[in-house]
Every structure is written in C-alpha cells, then in structure tokens.
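Thanks, everyone, for making time this morning.

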Amino acid sequence: MERHLILDVRGVSYRYPSAAADALACVSLNARAGEFHAVLGPNGSGKTTLVRVALGLLSPQAGTSEVLGRPATTWSRRELARVVAVVTQREEGLFPQRVRETVLLGRYPRLSLWGAERAQDRSAVERALGRCDVAGLADRWLWTLSGGEYQRVRVARALAQEPQLLVLDEPTASLDVRHEMELFELARTLVDEHGLAVVMITHHINLAARFADRVLLLSEGRAVGQGAPGEVLTRETVARVFAWPVAIEAFDGRPQVVPLRRRRNA
Amino acid sequence: MKWLGLGLVALLSLALAVLLGPAHVPLAQFARSDIVRSLRLPRAILAFLVGGSLALSGASLQALVRNPLADPFLLGLSGGAGLGAVLAIALHLAGPWVLPLAAFGGALFAMALVYRLGLVGGAELDPRVLILAGVAVGAFASAVTTAIVSLSDAAELRNTFLWLWGGLSGASWDTVVVMAVYAPLPVLVLFAAARPLDLLALGEEPARHLGADVVPLKRRVYVAASLLTAAAVAVSGVIGFVGLVVPHAMRTLWGHRHRPLLPASFVGGGALLALSDTVARVAVAPRELPVGIVTALIGVPVFALMLRRWSAT
C-alpha cells in the first residue's frame, strides 16, 4: 500500500546571500505518513537549512518543495502549522511560562483571531501532554524542568498542533542516555501508533540507525547517501563524511558506528 | 474577579479625578459646574486614554523587542517629539494646536527614521538593531534640541520644557475627541496581535513554525505602538513610567499571556494616570506637580507590593 506522501522535496539547492558556496545542493527528501526519517551529517552540512527550505522559510534557488502536493512557499504559516510541527534547536524564554501554557501555544494555528480556547483545544493539549508523558508536569514552570523534560514538553507543544509531520531539530543535544532513548522511543511511537511522519535531525548516528526507517546523510550540502540505515551507513561513507576512521558493527540487525582511536596501539 | 477589581479601580480613579480638585465644588451644583464639565471631566478622560495608550504600547513593545525593560519611549519617540516641539517654538509658530502637531510630527519622523535603520541589519526589524537605532535617534534628537535651546531665548522655551515634561493641563474636550477618534484603531491592531505576540516571545523561527507571520506582525505592532505613543506625547508630553511598570504590574496578576495582559495594561495604565493626575492637581494646590513624578511615587510602591506577592507564590 502506498503511504500518504506529506513532504516532497525534490533537488533543492540553496545558497545564503553573500555566501561562497551552496548550503544545499540538489537534495531530495520525501516523507510519508508512518515513516521515521533521520537526517545526519557533520555540523554545517545543511541539515537545518534543509528544514528551512523544505518548509518554505527560505526559497530554494533550484528544485521544489511541496507539502501535501502544494509548493511550501505558497502555504501561509498558519495553514502550514496545522500540517507540520517543528521543534527547533533553540528557542527563547522571554517570559516565564508554565508547561500547560506553553503547550497551549501549539493551538495557535487552529484558533480564530478573537475566539477563546475551545474544549477541543484543551483536550488536544491534555492529549499531547499525556503522549509525551509530561501530564504530571503541567503546572510546573518551564525553568524548573530538567533538559529531558523540557524537550518532551516542546514535543508536546508540537503535537498540540495535531500535525501530520513532526520535524525535530537535534532534540537530544546535551541529554543523557535515558532522556535520549526516551525521545527516540517517543518519536518511534508517534510514527508507529499515531501514523505521523517524523523527520529528525540528529548527531546520534547509532540511535538514528536503530530507530529510523530511512536516513539521509548530508555532507557540505550534498546528499552522500539516502536509504535504509544498512545501505547508507557503510564504513567508507561514514569515515569520509565525518573525516574520522570508524568501524561498523551490527546490533539488532542495524549498523552501529564505532569511532576508532587515531593510533590503535596508543 | 481580577477583572472586576481592575474595573472598580478604574472607575474609582475616574470618579476621584472628577470629584477632587483645587476648587471646591459643592455636590449640589456638581452637574451644572463649569469646572467639572469643561475642566475636570475632559482631563480625567484624557488622562485615562493617555495612560492606557502608554501602558498598552509598553506591553506590546516589550514583546516586540523581546526586552522586558522596553518602554514606549525606548525607540526614540520622546526625543523626536521634543525636537518637533522646540523647533515649532524656535520658529515662533503660534496657535492652539501647534505644539501637539509639531511634537506628533517629530515623533513620527523619529519613528520613520528608527524603522528605516531597523531594516539595515538584514532581518527585518531585528529587535537589537531596533533598540540601538531608537537610542541613537533619540540621542541625536536630544542633541539637536539642546543646541536649539542653548541658542534661543530662555523665556519662551520654559513653556516647551514644562510641556515636554508631561502634564495634562492642556486637556480639553477637543483633545479628548481627537484621542478618542484616533486611538481605537492602533489599540485594536495591538489587541489583535496578542496571540502571535505570545509566540514571538519564543523567538522568530519557533514563532513562524507555530503559525505566526512574523514580519508583518512586527511591522504592525511597531507602527501601531509608535502611533499610539506619538499621539500620547502630542497631547500630554513625555509621561514616563506608566509604559514600563504598568505592564509588569499586570503581568504579576494576569501572567504573560498577551490576550488578557494587553487589555489589562490599557485599563491599569488609564487608572494609574487618572489617579496620578488627580494627586498632581490636589497635593500642592494651587500649584501642580508634574504628573510623571506622581506616577512614579504611586506606581513604584504598588509595583513593589505586587512583586513581593508574586515572588511569594
């Protein structure tokens, strides 16, 4: 059965104004409902730029990006936010907020200009809190949360948008093992049980290899590999892209990357 | 409950503004009194409108430039208004509306200049560039103002300075009507921006992904808040403090959601200025205190109390 195509990025290139090289060169990505995509690559390889181009924040100089068959740049931000939710790498906390308040912000694209929150908005918030296992934190201030709790709250806000596609930009940066695993497990559950498409940008090659259905490996704006983890994450490719010698071991049928010491006998 | 309380405070402040004054008006003649009808009533209403406008602008700008210390005059408007007024006097322009119009023009000029400079940074209306541009334009306008003042007769400029330092003694039904016709549009524009301003507090990229059209939003809020402030300066000079502290006082009661915060700031600002102006008229009668001093004297203790209550919870 052909799954429902949500994001269709075809051969996009993008160069930032006054930059010497393309940040993205001819990259494609299509995400269907019920798929978990991981986007890998060294710092500065174009991962975040890909998200910006895919979702119409930047217009590509070549190629196209379509969401549900419509060019991304023609969507209004409000309409798009009902289909795609993004957990960005960073956000500011200008004013202190409580967990439930910040999750309620996810309902913005579904509220009318003057209208108050409706029962369905409140129930969507509670549902999102429950799915991310943060319902017990609903009345806490954001600044009292641990890093892992905070990230799960931000995912809950994204889920309150009731999106079909969830984009996570390095959600596990600076989290410990348990919180990393919890986030990947949560993403996998959303894909398997709720039919979401997930695109996760991450530096965790090994977790991406174990959780994702497909990986896209970027290097200097180009796709150097795309497909099932086992096809993409070969020893030569990973070593070349990250400029470091590695060995590949299999675990649970998925490739796991082991970076090597520079001198074996050191 | 909170709204009821705020509403009562607002009504009380307006009632006191009409009831009290340096001249004693017996209650029996109250409805027919000229002092009440053509002096106190328009002045009370104007104070309310100006105070509300300043507090609403302040609350909106704090979210726009993502800086809780922002107030309506941060972006160079007071400097521009002052320069406009001083220029009008130096050029010996006369007429009842000359000072307000000149100040309004000066404020709009400063706003346009700051807006133009705010585009320089690349990202449209980058809050950091906006603040720097506001401070720079304000400083430049003050320098030119001081130059003009130092080169001209002291006597005629005394008026400008008194006027600039804020006061509502120029209130009349005419100014009330002007303000009441002018203010609703920018006020509604700001109220309508309440929800997207909540998103903007997270930063521009997260706000866009949550569905806010950030660039038009910033433009609308900047222009509406500036137009509101420019009008307030034109009818009452630079009244400090209301725009900075009232929003924060309201935050302690209503939180940081802009949908309740913006209307509460308007009502709270109006009440504070109406009350302050009453004190300014009555405290050292027959002379008047500059109302800006009173807003600070009343506002700071109230704010300190609220802050204590807030940090205790």
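What covers the buried residues of helix 5 of chain A? Before I answer, please note that this is a predicted model, in which local features need pLDDT of at least 70 and side-chain atom pairs count only at pLDDT 80 or more, while totals for chains, interfaces and linings use all residues. Residues are numbered from 1 along each chain as its sequence is written, and chains are lettered from A and ligands numbered from 1 in the order in which they are written.

The cover includes strand 6, helix 3 (99–104), helix 4 (119–131), strand 7 and helix 6 of chain A; helices (H or I, at least four residues) and strands (E, at least two) are DSSP runs, numbered from the N terminus. Twelve of the 14 residues of helix 5 of chain A are buried, so this helix is largely enclosed by the rest of the structure, where buried means that 20 or more other C-beta atoms, placed from the backbone, lie within 10 Å of a residue's own. Among those buried are R152(A), R154(A), A156(A) and R157(A).

Taking A156(A) by itself, and leaving aside neighbours within four places in sequence, we find it in contact with V103(A), A128(A), L129(A), C132(A) and V134(A), contact being C-beta atoms, placed from the backbone, within 7 Å. A156(A) is also one of the residues that touch the most other members of the largest nonpolar core, which has 178 residues, and A230(B) and A231(B) are included in that group. Such a core is a set of buried Ala, Val, Leu, Ile, Met, Phe, Trp, Tyr and Cys residues joined through C-beta atoms within 7 Å.

Turning to the sheets, an open one of six strands has the order 6-7-8-3-9-10 in chain A, with mixed pairing, and two strands pair if DSSP finds at least two bridges between them. Its edge strands are strand 6 (84–87) and strand 10 (222–227) of chain A. Within chain A, strand 7 (residues 165–169) and strand 8 (residues 197–201) pair in the parallel sense over five bridges, with V167(A) opposite V199(A).

The other open sheet I will show has four strands in the order 2-1-4-5 in chain A, with antiparallel pairing, and strand 2 (24–32) and strand 5 (70–71) of chain A are its edges. Strand 1 (residues 5–14) and strand 2 of chain A pair over six bridges, and here Y14(A) stands opposite L24(A).

How values were computed:
Two residues are in contact if their C-beta atoms, placed from the backbone, lie within 7 Å.
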